[in-house]
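Student: I would like to go through this model and ask what stands behind the terms used for it.

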Amino acid sequence: MATDEVKLIGFRGGPFSLIVEWALKIKGVQYEYFDEDLFNNNKSAMLLQYNPVHKKVPVLVHNGKPLAESLVILEYIDETWKQNPLLPEDPYDRAMARFWAKYADDKCKIGIFSVFATVGEEQEKAAKEAREILKTFEMGLKGKFFGGKELGFVDIAAGWLAYWIGMIQEITGINLVEKKSTPLLSEWFQNFLNAEVVKERLPPRDELLEKSKIFREHLLAAAST
């Protein structure tokens, strides 16, 4: 087991830092956390030093070597710390896990953000597309979790959906995931959020909800100018 110096530069109000934290917790890796004030767009010198290309979180720093992009970091963590593997052993199952994780990162993320950042007819169109995307994503479920009986790679990579979609639905008044249309995904949301390793790292919902409302107002105002 690696016992090296591990730092995580993240953002408590953002979903993708959580992906890394969940993985580190599952692996039992000790790390030092540095929080960025991204709601006020204050980027630290540390962030700019370790991620000069994109200047975004999360950034994992392992023995002084930085890694950016949540899915890249997730694979690195799984390969570096072998205990409690996230990716399945079978090569085909590993490939499918990567497929669904990338689908969530590409399709689901863009689809949901489009609903969050639009209004009117544009939002209605975005909501329809997002629902179809989420129905497709549901096809990857294997049981209680995407990883089967235990949390796995896809669950961690896409777990932010279970927390953030509820807030987006509340803010916009648009339902994207319902028991009738996506029953398996609805159940997965509850199973994921009830997992102890997940619950202990979730940011306070009320505080995040209010900040998200303000963020959306800024987005809409910028889009209208």
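**Burial and salt bridges**

Tutor: In helix 8 (residues 183-193), the buried residues are L185, S186, W188, F189, N191, F192 and L193. This is a predicted model, in which local features need pLDDT of at least 70 and side-chain atom pairs count only at pLDDT 80 or more, while totals for chains, interfaces and linings use all residues. Residues are numbered from 1 along each chain as its sequence is written, and side-chain values use heavy atoms, with hydrogens and water left out.

Student: What makes a stretch a helix, and what makes a residue buried?

Tutor: Helices (H or I, at least four residues) and strands (E, at least two) are DSSP runs, numbered from the N terminus. Buried means under 20% relative accessible area, exposed means over 50%, and partly exposed lies in between (1.4 Å probe, protein chains only).

Student: Which helices do the buried residues of helix 8 pack against?

Tutor: They pack against helix 1 (15-27), helix 5 (120-138), helix 6 (153-158), helix 7 (160-172) and helix 9 (196-199). Contact here means heavy atoms within 4.5 Å.

Student: Why is the pair of K142 and D93 called a salt bridge?

Tutor: The term requires a side-chain nitrogen of Lys or Arg within 4 Å of a carboxyl oxygen of Asp or Glu. The closest N and O atoms of K142 and D93 are 3.7 Å apart, so the pair qualifies.

Student: Why is K142 called exposed, but D93 partly exposed?

Tutor: K142 has a relative accessible area of 54%, so it falls in the exposed class. D93, at 25%, therefore counts as partly exposed.

Student: How do you know that D105 and K109 are about one helical turn apart?

Tutor: They are four residues apart in helix 4, which means a separation of about one turn. D105 has a relative accessible area of 21% and K109 has 30%, so both count as partly exposed.

Student: What makes E207 and K211 a salt bridge?

Tutor: Their closest N and O atoms are 3.2 Å apart, so they meet the definition. Both lie in helix 10 (residues 205-224), four residues apart. E207 is partly exposed at 43%, as is K211 at 33%. Elsewhere, salt bridges that share partners join R12, E21 and R201 into one network.

Student: How many salt bridges does the structure hold?

Tutor: There are twelve.
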